[in-house]
Amino acid sequence: MTLDLSKLQLPTGEIVIDEKILKDYGQNKFTQEKITGSKPAVLIDAKSIVDVQATVKFANQEKIAVTVYGGGTSIVNGSAGENGGIVLNLTKLNKIIEINTADQTAVVEAGVLNGTLDEEVRKQGYFFAPDPGSKPISTVGGNIATNAGGMSSLKYGTTKQSVLGLKVVLADGTIVETGGRCFKNNAGYDLTDLFVGSEGTLGVVVEATVRILPIPFGNATTGLATFADMKALSVAVEKISASGLNPSMLEALNKTSIEALDALEGTDMGKEGAEALLIFQLDVTPEGALEALKETLEQNKALHVSVTDDSEYAKKIVKIRQDYYKAEAAYGRLVVEDVAVPLSKLPELAEFVDNLSFTSPVKAFLGGHAGDGNFHPNIAIPKDLDTIPEDVQSAITKIFAFAQSLGGTISAEHGIGDLKYGWIVSQLGQEVVDLQRKVKQAFDPNNILNPGRKI
């Protein structure tokens, strides 16, 4: 089907049909599997909300798939253009409209980078809590679309806890505004939360009112603890979570991850038999908290505990965790997974993943946000392979099935996109999937918004 682009009148945006450029929008660059045969027909660089409205109206009339693109950081190919479809690029909608410290809110366009917003509000003594690994390069709109998590989710929640209101363009081009500036708002159905995490399947988020938080008073306490294995670490995490200490970070790394980071950073974290590493932080440290934390760690088989309130050294510790993917990528092309289980089941998940074996020349890693039960089993495969080795694919299937058997989920923060679509019925049940499809039909009757994803 050939698009008649003469029907698409953009007030300020740009229509791009250069095939060399379009090629880059058929797959998200961080997606672990190489997707073939997907080439969008046109790229729309929107420069205003009216451009978004015009594009969506055109797509709805022509019944053509339209996929919203922000930072392109999806690991599950959630914002890649459909074959023959439209990619709607919102990166030029990048204005911070307002920072209101009295209301503890900010109003931003969807293309504003998470890291940029955080830097700006920190100048005024506040911070933006959502903290995905892609923070410097992912957009607020993309974070909202996937309900992104990250290291700070343990204390401050995922993106939805920071979203108060949205401006959304619906499939027919209508603009709706949900929520507002109030921290409590119980009028009508909570459409704001419905759009958060919907992966662009219900509407196009063009603007958001988000909550910003005061930077905690005093110095944070940051530290490292090592363990003989990931199971012992996971038990310690469970005890810390139940201690009332309210840590802002509990990040875990297994033996191979430690080795990769030692090689990258020139550190020696794997000394003295350490096969699991816990990075922790209390951004508020009341009297006696540090002693209680050390005692809990030591009572739960920590081999070594190191703690600091020096802010510069703390930055180095946090950077170690932030370099997790970079260190592992030195061993090949990363297959990155994202599962979560109830906290009490975390030791079982850690032991299960650690015991997986492979015949292919690959290297497996395990780490993630242990404090909220979210592990990332990552596997580095040879960079010259176009397809994931059969034993690696089998391991991923086993991990998903085991997580589900523990009452967990096959996606904690990365979304569904293309790669996890086949697991939706087993995760949610057919009745819930059918109900969600009715919701999709109500918002998008012609099924133009990111079709074939999420549900």
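I started at the hairpin of strand 5 and strand 6, which has 4 residues between the strands; there Gln104 takes a positive phi near 55°. Strand 5 (residues 96-100) and strand 6 (residues 105-109) are antiparallel, with 4 bridges between them. Within that pair, Ile99 sits opposite Ala106 of strand 6. For my own bookkeeping: strands (E, at least two residues) and helices (H or I, at least four) are DSSP runs numbered from the N terminus, and two strands pair if DSSP finds at least two bridges between them.

A note on provenance: this is a predicted model, where local features need pLDDT of at least 70, side-chain atom pairs count only at pLDDT 80 or more, and totals for chains, interfaces and linings use all residues. Residues are numbered from 1 along each chain as its sequence is written, and side-chain values use heavy atoms, with hydrogens and water left out.

Most residues other than glycine have a negative phi. Buried or exposed, what is Asn450? Asn450 is buried, because its relative accessible area is 3%, and buried means under 20% (exposed is over 50%, partly exposed in between; 1.4 Å probe, protein chains only). Asn447 has 41%, so I logged it as partly exposed.

Then the open sheet: 4 strands in the order 1-2-4-3, with mixed pairing. Strand 1 (14-16) and strand 3 (66-69) are at the edges with a single partner strand each, so one side of each has no neighbour in the sheet. I get an average twist of 25° from one strand to the next. Strand 2 (residues 42-45) and strand 4 (residues 86-89) run parallel, joined by 4 bridges. Asp45 has Asn89 in strand 4 as its bridge partner. Helix 2 (residues 49-62) packs on this sheet and touches strand 2, strand 3 and strand 4 (contact: heavy atoms within 4.5 Å). The direction of helix 2 makes about 165° with that of strand 4; axes are lines fitted to C-alpha atoms, for helices over the stretch in contact, and angles run from 0 to 180 degrees between N-to-C directions.

Last stop, the surface. Tyr189, Leu191 and Leu194 make a nonpolar patch with about 340 Å² of accessible area together. Leu191 belongs to helix 6 (residues 191-195) and is partly exposed, because its relative accessibility is 34%. Patch members have over 30% relative accessible area and no salt bridge, and nonpolar side chains (Val, Leu, Ile, Met, Phe, Trp, Tyr) are joined within 5 Å, like charges within 9 Å. A salt bridge is a side-chain nitrogen of Lys or Arg within 4 Å of a carboxyl oxygen of Asp or Glu. Areas are Shrake-Rupley with a 1.4 Å probe, and for residues only the protein chains shown count as cover.
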